[in-house]
Amino acid sequence: MVCVDNLLTGARANVAHLEGQGLSFVEHDINEPYFPAGHVDLVLHLASPASPVDFPAYPIPIIKVGTVGTHHMLGIALAHRARFLLASTSEVYGDPLVHPQPETYWGNVNPIGPRGCYDESKRAAEAFTMAYHRAHDVDTRIVRIFNTYGPRMRLDDGRMIPNFMTQALRGEALTVYGDGTQTRSLTYVDDLVAGMLAVLDSNDPMPFNIGSQDEISVRDLARLIGRMAGSESRVEFRPLPVDDPRQRRPDTTRAREVLGWAPRVAMEDGLRRTMDYFRGAL
């Protein structure tokens with residue numbers, strides 16, 4: 001097994017425990033051509049910065065990894081007749097006008113907004129994937145990942161759970177954007193991995209939503225994490241970023257009926273495991 005990463009937002013320490021146990025690490029940017037040594041059976045394309053704080057910092061690498069990088073990875077799958085899995089995102093739905101969001105929903109995306117570099121790169125990645133599937137008979141799979149959290153997230157990741165946990169543990173104000181009534185559905189990383197493996201093992205090339213039905217407002221999540229941290233931090237409201245989705249929850253009927261998949265980790269259990277990591281990391 002080979003892990004390829006340019007470490008733009010990742011850390012080699014995240015996979016260090018796997019090296020020497022069948023995993024080899026290659027530091028490389030897949031926006032440049034990559035030619036693996038030996039035969040390849042599976043290509044899992046998980047690359048892309050995914051936090052809103054990364055969008056203004058790395059807009060061009062993000063656009064490229066969804067287009068050029070996807071093209072390179074699909075080329076490897078084609079050359080080796082390997083099965084290909086694309087890690088797409090709930091962001092393909094944009095600020096949805098349909099709730100919850102089924103895979104048949106085409107989305108409400110602003111292509112020229114500050115989030116467009118990520119949203120549209122993932123939509124392009126899905127189009128690339130289906131083009132290779134239809135034109136070259138590449139064995140492809142697509143996973144649309146909803147909000148996911150867990151250990152080994154960056155302390156400065158910028159998404160709400162790392163933000164709230166670092167702020168609560170440091171006794172800082174919990175920053176909530178907008179009035180905090182916008183909602184998100186939270187999936188623990190173990191459930192996501194199980195869902196992705198179920199998609200990979202399936203025979204269905206069409207997209208699958210993988211996410212939780214644990215929908216919670218951002219304001220309530222901040223207060224919950226504050227209580228779990230034993231913090232007296234107050235909630236501090238700031239302006240809502242442009243194009244920030246008001247609601248986000250997947251319709252996972254397809255994943256349940258076709259894959260037999262459903263999340264198993266309760267939200268507070270997952271948050272507790274994640275907070276244990278953040279306590280140690282801080």
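Which residues are linked with E91 in a network of salt bridges? I found R115, R184, D244 and R248 in the network along with E91.

**Ground rules**

I'm working from a predicted model, where local features need pLDDT of at least 70, side-chain atom pairs count only at pLDDT 80 or more, and totals for chains, interfaces and linings use all residues. Residues are numbered from 1 along each chain as its sequence is written, and side-chain values use heavy atoms, with hydrogens and water left out.

**Salt bridges**

I searched the whole structure and got 20 salt bridges. To count, a side-chain nitrogen of Lys or Arg has to be within 4 Å of a carboxyl oxygen of Asp or Glu.

I started with E91 and R248, whose side chains meet at 3.3 Å, N to O. This pair joins distant parts of the chain, 157 residues apart: E91 is in the loop between β4 and α3, and R248 is in the loop between β12 (235-238) and α7 (253-259). My helices (H or I, at least four residues) and strands (E, at least two) are DSSP runs, numbered from the N terminus. Both E91 and R248 are buried. For that word I use under 20% relative accessible area, with exposed over 50% and partly exposed in between (1.4 Å probe, protein chains only).

Next I looked up D190 and R273, a salt bridge of 3.7 Å, N to O. D190 sits in helix α5 (residues 189-201) and R273 in helix α8 (residues 267-281), 83 residues apart, so here too distant parts of the chain are linked. D190 counts as partly exposed because its relative accessible area is 44%. R273 is partly exposed too, at 32%.

R154 and D156 also pair up, at 3.5 Å, N to O. Buried or exposed, what is D156? D156 has 56% relative accessibility, so I put it down as exposed. R154, at 22%, counts as partly exposed.

**Helix α3**

I then turned to α3 (residues 116-136), which has 21 residues. From first C-alpha to last it reaches 29 Å, close to the 30 Å expected at 1.5 Å a residue. That expected span is 1.5 Å times one less than the number of residues. Among its buried residues I noted C117, Y118, A125, E126 and M130. What covers the buried residues includes α1 (54-57), α2 (59-80), β4 (83-89) and β5 (140-145). After α3 comes D137, with a positive phi near 60°.

**Second largest pocket**

I read its volume as about 170 Å³. A pocket here is an open set of points on a 1 Å grid over the protein atoms alone, where a 1.4 Å probe fits, with protein on both sides within 12 Å along at least five of seven lines; lining residues have an atom within 4 Å of a point. The volume is the space filled by probe spheres set on the points.

Which element gives the most to this lining? α3 does, with four residues. The lining residues include E126, A127, M130 and R134, as well as I142, R144 and R254. By class I have five nonpolar, no polar and five charged residues.

**F237**

F237 is in strand β12, and its 43% relative accessibility makes it partly exposed. Y177 lies 60 residues away in sequence, yet 5.7 Å from F237 in space, C-alpha to C-alpha. Leaving aside neighbours within four places in sequence, I find F237 in contact (heavy atoms within 4.5 Å) with V176, G178, D179, G180 and R219.

Technical notes. Nonpolar A, V, L, I, M, F, W, Y, C, P; charged D, E, K, R; others polar.
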